Amino acid sequence: MNKKLSPEDAFYENLTLGLIKTLSNVPRVCNVTLERRQPLNACQVVNWEQRHCVYLPEDMKKFYLSTDGFVLNWSYQYAPNDIRRVGHIHFPHLLQVTLLRENIETTHSSSNAASLASSNSDVLGPSSQSQSLSAAASTGKDKWGNATPIITPKSKIFEINNVNEVAKVCMLYESTSSNNPKFYLLELSTLSWQFLADTFSEYLRMAIAHLGLPYWELCFSSCGLPSWTEQLFLLLAPHLLEEHESRRGRVLNPACEHPYNIIDPNIFRGKPKSVAKTAPNTKQSHK
């Protein structure tokens with residue numbers, strides 16, 4: 001019989017949609033580890049919201065009231081004596097979710113961005129160079145035909161992850177009065193935006209569906225994946241690279257009787273201990 005899971009184990013099993021067991025049964029995948037973290041309390045979440053003058057979306061708030069982020073890593077055995085850590089899913093501590101907009105406006109003044117700002121100057125009207133650069137990156141549509149965000153002085157951009165110093169995963173509030181930010185990939189070389197997800201829960205499911213493969217977010221970029229990462233995709237998840245896969249047209253709306261990633265911060269009676277557990281890298285026999 002299967003051993004009954006503790007409430008904490010069951011929580012992380014549901015949160016990751018059973019990804020640890022799935023990875024542990026994939027040939028050559030080993031050293032699957034999950035760093036568990038203590039949940040935040042409501043006061044810590046409110047302090048973050050007050051500091052940045054925004055409200056966290058409800059699903060993201062429940063996530064951080066259940067666990068202050070998490071890190072899942074796994075390795076791949078290329079040869080008998082060549083094991084490398086490649087898989088990585090990282091959701092940062094809430095305090096590490098920091099405002100990014102000033103960094104974007106002052107760091108990137110490439111000729112491409114400047115020319116875009118110049119071409120839109122008649123629309124933007126009198127404004128600082130930083131505002132022009134920000135607005136220049138917010139017009140038109142992305143690679144998948146989704147409308148790119150409209151950046152205004154009231155917009156707030158928070159960094160969630162840095163992808164190989166090529167792009168950043170950003171949570172973007174188009175206005176401070178909104179509590180439903182969207183998630184985008186900001187390509188640093190061109191200041192172009194690529195849409196990722198409407199909600200935090202959808203972004204979490206996307207990370208799990210891509211198995212935490214390195215730089216999976218670049219599947220949705222205009223520059224594409226590095227060649228060595230693409231080889232891993234072809235080995236472990238070739239369907240994610242299908243040319244005509246309608247990834248941006250998918251509907252992630254599970255039936256009510258089979259919910260996924262429903263995060264309940266009351267699942268624990270007490271605070272869980274912060275420990276790192278390692279999942280076995282071999283198939284377990286079931287009696």
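Me: How many salt bridges does the structure hold?

Reply: The structure holds six salt bridges. This is a predicted model, in which local features need pLDDT of at least 70 and side-chain atom pairs count only at pLDDT 80 or more, while totals for chains, interfaces and linings use all residues. Residues are numbered from 1 along each chain as its sequence is written, and side-chain values use heavy atoms, with hydrogens and water left out.

Me: Why is the contact of R36 with E8 called a salt bridge?

Reply: A salt bridge is a side-chain nitrogen of Lys or Arg within 4 Å of a carboxyl oxygen of Asp or Glu. The closest N and O atoms of R36 and E8 are 3.6 Å apart, so the pair meets the definition. R36 lies in the loop between strand 1 (29-35) and helix 3 (42-52), and E8 in helix 1 (residues 7-15), 28 residues apart. Helices (H or I, at least four residues) and strands (E, at least two) are DSSP runs, numbered from the N terminus.

Me: What makes R36 and E8 count as buried?

Reply: Buried means under 20% relative accessible area, exposed over 50%, and partly exposed in between (1.4 Å probe, protein chains only). R36 has 8% relative accessibility and E8 has 15%, so both are buried.

Me: Where do E49 and K61 lie, the two residues of another salt bridge?

Reply: E49 is in helix 3 and K61 in helix 4 (residues 58-66), twelve residues apart. Their closest N and O atoms are 3.5 Å apart. E49, at 7% relative accessibility, counts as buried.

Me: Are D82 and R84 buried or partly exposed?

Reply: D82 has a relative accessible area of 22% and R84 one of 45%, so both are partly exposed. Their side chains meet in a salt bridge at 3.0 Å, N to O.

Me: What makes strand 6 and strand 7 a pair?

Reply: Two strands pair if DSSP finds at least two bridges between them. Six bridges join strand 6 (residues 167-173) to strand 7 (residues 182-187), and the two run antiparallel.

Me: Why are strand 4 and strand 8 called edge strands?

Reply: The open sheet has five strands in the order 4-5-6-7-8, with antiparallel pairing. Strand 4 (98-99) and strand 8 (192-197) each pair on one side only.
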